[in-house]
Structures are given as structure tokens and as C-alpha cells.
Amino acid sequence: MQSHLHLDHTGAIGNFPNATHVVQRKEYEYAFTPDWFAAGGYIRKDFDKPNLKWQFLELNYNDEFDVYGDGVIKIIPTPGHSPGHCSFLITLPNSGSILLTVDAAYTTDHWEEKALPGFLASTVDTVRSVKKLHEYDDKYDALVVTGHDPIRWGEFKKGPEEYYN
Ligand SMILES: [Zn+2]
């Protein structure tokens with residue numbers, strides 16, 4: 001699953017030959033024809049490769065896409081950071097719900113509506129996507145993981161207990 005196609009999210013595309021890369025069609029198309037201010041965010045050779053398997057989603061703003069049809073991984077359109085950005089709601093039986101905002105909410109300050117990130121494609125869409133994700137958080141009581149918050153990152157459990165020993 002590709003939340004979006006910015007360069008810090010695409011380096012491994014093509015490293016998994018059997019993978020299907022799921023992305024919103026509008027993000028894929030924008031990555032080939034970005035506006036001037038966003039062009040530095042995309043490295044075309046990362047995603048413009050032969051023999052990649054893509055699955056393009058054509059989601060409306062209020063749609064969500066249940067990847068396996070079992071409610072475990074839901075893709076939520078959250079435009080603003082980029083035109084076709086998506087966030088992910090992961091719901092596991094023993095862990096509850098985890099809301100991966102990815103870059104729809106950069107940091108805790110952004111999540112708490114105290115600051116906007118330095119890069120965005122649409123300010124209005126960015127603000128509304130955070131509001132939308134808050135509604136998911138309220139509904140699912142999720143653990144919220146923002147995309148680029150080095151302070152919060154240190155607080156998350158990242159693997160089984162053995163990982164820490
Ligand atoms: Zn990004």
C-alpha cells in the first residue's frame with residue numbers, strides 16, 4: 001500500500017517482485033505531472049519501472065477501501081499533503097485499532113491543530129483530512145501514529161517483547 005508517492009515513501013518499490021502496489025489513481029497520475037512546487041517531492045524512477053503490478057483505487061472522499069474485506073486494513077483518502085494521499089486504519093484482534101495518519105498528520109502539533117507542516121499541496125484539504133481522521137480516532141479509539149514525529153516515535157512499541165531485550 002502506498003499512502004502516496006513522495007520520495008521518502010517509494011525507495012523500495014520494485015524490491016518485492018510479487019508485490020501488488022496499491023495506490024490511488026489520482027496520486028499515481030499526479031506523480032507523473034506534479035506542479036512545480038511539488039515536483040521535488042517525487043522521484044519518477046522510483047515508481048516508473050517496468051513489470052510493476054499496480055492496483056489503482058478510484059476512491060471518493062468519503063469512501064474507505066477494505067483491503068482484504070475483513071476490516072483489518074482500511075485505506076482512507078486523506079488528500080492535502082498530496083492530491084491522492086491516503087491514511088490507514090489497522091484493526092488487529094489483540095491490539096485494537098492503529099491509525100497510521102502517514103503524512104496527513106506530520107507531527108503531534110499538526111494532529112492537535114497547532115501547526116501546519118512545511119509542505120502541503122492544499123492547505124484546506126490538509127486541515128479537513130486531519131479533522132476527518134479525528135472522527136476515525138473518536139469512533140475506533142485508535143492509537144494514532146503520525147508520519148514524521150521523532151519525539152512520539154520513541155514511545156511506540158515496534159515489535160514483540162524480544163525486540164527490546
Ligand atoms: Zn509526503
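**Figure 1. The side chains of Glu-64 and Lys-74 meet in a salt bridge, with N and O 3.3 Å apart.** The pair links distant parts of the chain, since Glu-64 sits in the loop between strand 2 (53-57) and strand 3 (65-66) while Lys-74 belongs to strand 4 (residues 73-77), 10 residues away. The model shown here and in the views below is predicted, so that local features need a pLDDT of at least 70 and side-chain atom pairs count only at pLDDT 80 or more, whereas totals for chains, interfaces and linings use all residues. Residues are numbered from 1 along each chain as its sequence is written, and side-chain values use heavy atoms, with hydrogens and water left out. A salt bridge is taken here as a side-chain nitrogen of Lys or Arg within 4 Å of a carboxyl oxygen of Asp or Glu, and strands (E, at least two residues) and helices (H or I, at least four) are DSSP runs numbered from the N terminus. Glu-64 is partly exposed at a relative accessible area of 35%, whereas Lys-74 is buried at 13%; buried stands for under 20% relative accessible area, exposed for over 50%, and partly exposed for values in between, using a 1.4 Å probe and protein chains only.

**Figure 2. Arg-44 and Asp-48 are joined by a salt bridge between their side chains, at 2.9 Å from N to O.** Both partners count as partly exposed, Arg-44 with a relative accessible area of 45% and Asp-48 with 36%. A further salt bridge joins Glu-161 to Lys-157, the closest N and O atoms being 3.4 Å apart, and here Lys-157 is exposed, with a relative accessible area of 58%. The structure holds 6 salt bridges, and those named in these legends are among them. Side chains of opposite charge can pair when their charged atoms come close.

**Figure 3. The zinc ion has His-4 (NE2), His-6 (ND1), His-81 (NE2) and Asp-103 (OD) as its protein donors, at 2.1 to 2.5 Å.** Donors are N, O and S atoms within 2.8 Å of the metal (3.2 Å for Na, K and Ca), and sites may look incomplete because water is not among the atoms. The 4 donor atoms subtend angles of 87 to 177° around the zinc ion, and the arrangement is therefore irregular. Along the sequence the donor residues follow the spacing H-x1-H-x74-H-x21-D. His-4 comes from the segment before strand 1 (20-24) and Asp-103 from the loop between strand 6 (96-102) and helix 3 (108-111), so this pair ties together parts that lie 99 residues apart in sequence. His-4 is buried, with a relative accessible area of 0%, and Asp-103 is buried as well, at 1%.

**Figure 4. Strand 6 contains Thr-101 and Val-102.** Thr-101 is buried, with a relative accessible area of 0%. Leaving aside residues up to four places away in sequence, Thr-101 touches His-85, Ser-87, Trp-111, Leu-133, Val-144, Val-145, Thr-146 and Gly-147, contact being heavy atoms within 4.5 Å. Val-102 is also buried, at 14%, and has a phi near 50°, a positive value in a residue other than glycine. Most residues other than glycine have a negative phi.

**Figure 5. Glu-113 has a positive phi, near 60°, although it is not a glycine.** Glu-113 is found in the loop between helix 3 and helix 4 (123-140), and at 55% relative accessibility this residue counts as exposed.

**Figure 6. An open sheet of 5 strands runs in the order 3-4-5-6-7, with mixed pairing.** Strand 3 and strand 7 (143-146) form the edges, each pairing on one side only, where two strands pair if DSSP finds at least two bridges between them. Strand 4 and strand 5 (residues 86-92) run antiparallel and are joined by 5 bridges, and Pro-77 has Cys-86 in strand 5 as its bridge partner.

**Figure 7. Strand 1 and strand 2 run parallel and are joined by 5 bridges.** The bridge partner of His-21 in strand 2 is Trp-54.

How values were computed
Tetrahedral: all angles 85-135°; square planar, octahedral: opposite > 155°, others 65-115°.
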